[in-house]
Amino acid sequence: MGMAELLQYENVAWYETGTVRILDRRVYPYRKEYVICKTYEQVAQAIRDMVTQSGGPYTAAAMGMVLAAWQCRDDTVERQWETLQKAAEVLSQARPTTTAKMKMVTDACLAHARRALDAGDNVTDAIFDYAFDALQIRYAVYREIAEHLVAHFPKDGVVMTQCFAETIVGTMLLACQSQGKTPRFICPETRPFLQGARLTASVIADMGFSVHVITDNMPGYILERERVNVFTSAADIITMDGHIVNKVGTFQIALAARHFGIPYYVTGCPNKDHPTADSVRIEERDAAQVLSHMGTRVAKARVKAYYPAFDIVPPELCNGVVTRKGTFSPHDLSSFLYEEEFTP
């Protein structure tokens, strides 16, 4: 079985002549709808509005750069370069917490655009080719990560996830198949957008595995009652001092898992642009989203709310950072960078 519908390239974010089409994850699987963006600014707004999330914004940002090239295709070389630089700034700043990683995507697009401009080649095609190749490389890398992650799963165990971890969810399930493992999955819902219930659980079910959804206040009880063997999540940022920045709620599950002696493995790449947790800006989203559910307000008009998008798990609550090079201690991530930079 291949990737679930939600993880297929054209259902994440896709450029077609003069537009970028982004699957609206805010309403999936109730409805399968796309947001059609005709400018790179609209792509950035879609990212801000959570039309796509997890790894989706990185694909959307690359496709947004393709669209920016198309928008300015008839301008002078100098004007095209100015527009592309502006687009890179706007797209990379769409989600504050992940700006450093988004900038890696837009900077790579700029590098390919510069070469195309200097050579007199089609800039739109050059950026699209890079974006497509980068997608394939990312999926291949996550296949490697997933094999290492699933090696920590028992054959017929119980695994708890958190939020929607994009590519690693699909590749994790493919790795389970290749390793002959049939775990049962438990997905906290992850309000207010319910990514765990709508997205993660959908992918797991579509790929033929057993999955149960729980509300966000159930993990502590369920970890013990269902005899969960492993807790796993991806990360928006893994700092070089071993802190894990992920969807808010990850910290409390990691804390409960440690209490019950359940290992927590995070997947992702340590980010040398974030040496410590102090370097991370936690995004505060519109608190009104916490006060409503499916379009209906759940609290009185005078009631206020908080909505931090992420929380931070300290390294002592994590058993390992799973990368394409294997599993590293969160207390020794400099070894990962050594492996990445110097291993052929």
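Are Tyr-15 and Phe-128 buried or exposed?

Modeller: Both are buried, Tyr-15 as well as Phe-128. Bear in mind that this is a predicted model. Now the rings.

Nine aromatic pairs occur in the structure. Take Tyr-9 and Tyr-139. Their ring centres are 5.1 Å apart and their planes stand at 90°, so this pair is edge-to-face. Tyr-9 sits in the segment before β1 (13-16), while Tyr-139 belongs to helix α5 (residues 123-150), so the pair ties together parts 130 residues apart in sequence. Tyr-9 and Tyr-139 are both buried.

Your two residues make another pair. The rings of Tyr-15 and Phe-128 lie 6.5 Å centre to centre, with 50° between the planes, and the pair is tilted. This pair also links distant parts of the chain: Tyr-15 is in strand β1, Phe-128 is in helix α5, and 113 residues separate them. Then step back to the cluster. Ring pairs join Tyr-9, Trp-14, Tyr-15, Phe-128, Phe-132 and Tyr-139.

Thr-267 is in strand β10 (residues 264-267). Thr-267 has a relative accessible area of 2%, under the 20% cut-off, so it counts as buried. Its contacts, beyond neighbours within four places in sequence, are Ile-145, Leu-149, Ile-168, Ser-233, Ala-234, Ala-235, Ile-238 and Val-322.

Val-245 lies in strand β9 (residues 244-247). Val-245 is buried too, at a relative accessible area of 0%. Residues up to four places away aside, Val-245 touches Thr-97, Ala-235, Asp-236, Ile-237, Val-280, Ile-282, Phe-310, Asp-311 and Ile-312. Val-245 and Arg-281 are 36 residues apart in sequence, and their C-alpha atoms are 9.9 Å apart.

The structure has two cavities of 30 Å³ or more. The largest cavity holds about 90 Å³. Its lining has 14 residues; Ala-165, Ile-168, Val-169, Thr-232 and Ser-233 are the closest to the centre. α6 (167-178) and β7 (230-233) each give the lining at least two residues. The largest share, three residues, is from α6. By type, the lining has eight nonpolar residues, six polar and no charged.

The second largest cavity has a volume of about 30 Å³. Arg-25, Arg-26, Met-50, Gln-53, Phe-193, Gln-195, Arg-198 and Leu-199 line the second largest cavity. That lining divides into three nonpolar, two polar and three charged residues.

On to a helix with a clear inner side. Helix α9 (residues 250-259) has Thr-250, Ile-253, Ala-254, Ala-256 and Ala-257 as its buried residues. Looking down the axis of α9, these fall within an arc of 165°, so they line one face of the helix. The spacing has a simple basis. An α-helix has 3.6 residues a turn, so residues three or four places apart point the same way. Just after α9 comes Gly-261, with a positive phi of about 75°.

Two other residues have positive phi without being glycine. Glu-166 has a phi near 55°. Glu-166 is in the loop between β4 (158-160) and α6. At 2% relative accessibility, Glu-166 counts as buried. Arg-227 also has a phi near 55°. Its place is the loop between α8 (219-225) and β7. Arg-227 has 70% relative accessibility, over the 50% cut-off, and therefore counts as exposed.

Last, the backbone has cis peptide bonds to inspect. One runs from Tyr-28 to Pro-29, with omega near 5°. Pro-29 lies in the loop between β2 (19-23) and β3 (34-37). Another joins Arg-191 and Pro-192, where omega is about 5°. Pro-192 is in the loop between β5 (184-188) and α7 (195-206).

Back to your question, then. Tyr-15 and Phe-128 are both buried, and both belong to the cluster that ring pairs link together.

Terms used: Residues are numbered from 1 along each chain as its sequence is written. This is a predicted model: local features need pLDDT of at least 70, side-chain atom pairs count only at pLDDT 80 or more; totals for chains, interfaces and linings use all residues. Side-chain values use heavy atoms; hydrogens and water are left out. On a 1 Å grid over the protein atoms alone, a cavity is a set of points where a 1.4 Å probe fits but cannot get out, and a pocket is an open set with protein on both sides within 12 Å along at least five of seven lines; lining residues have an atom within 4 Å of a point. Grid points are joined across faces, edges and corners, and a volume is the space filled by probe spheres set on the points. Helices (H or I, at least four residues) and strands (E, at least two) are DSSP runs, numbered from the N terminus. Ala, Val, Leu, Ile, Met, Phe, Trp, Tyr, Cys and Pro count as nonpolar, Asp, Glu, Lys and Arg as charged, and the others, Gly among them, as polar. Buried means under 20% relative accessible area, exposed over 50%, partly exposed in between (1.4 Å probe, protein chains only). Contact means heavy atoms within 4.5 Å. The arc is that of the directions from the helix axis to the C-beta atoms. Rings of Phe, Tyr and Trp (its six-membered ring) pair if their centres lie within 6.5 Å; planes under 30 degrees apart count as stacked, over 60 as edge-to-face and the rest as tilted.
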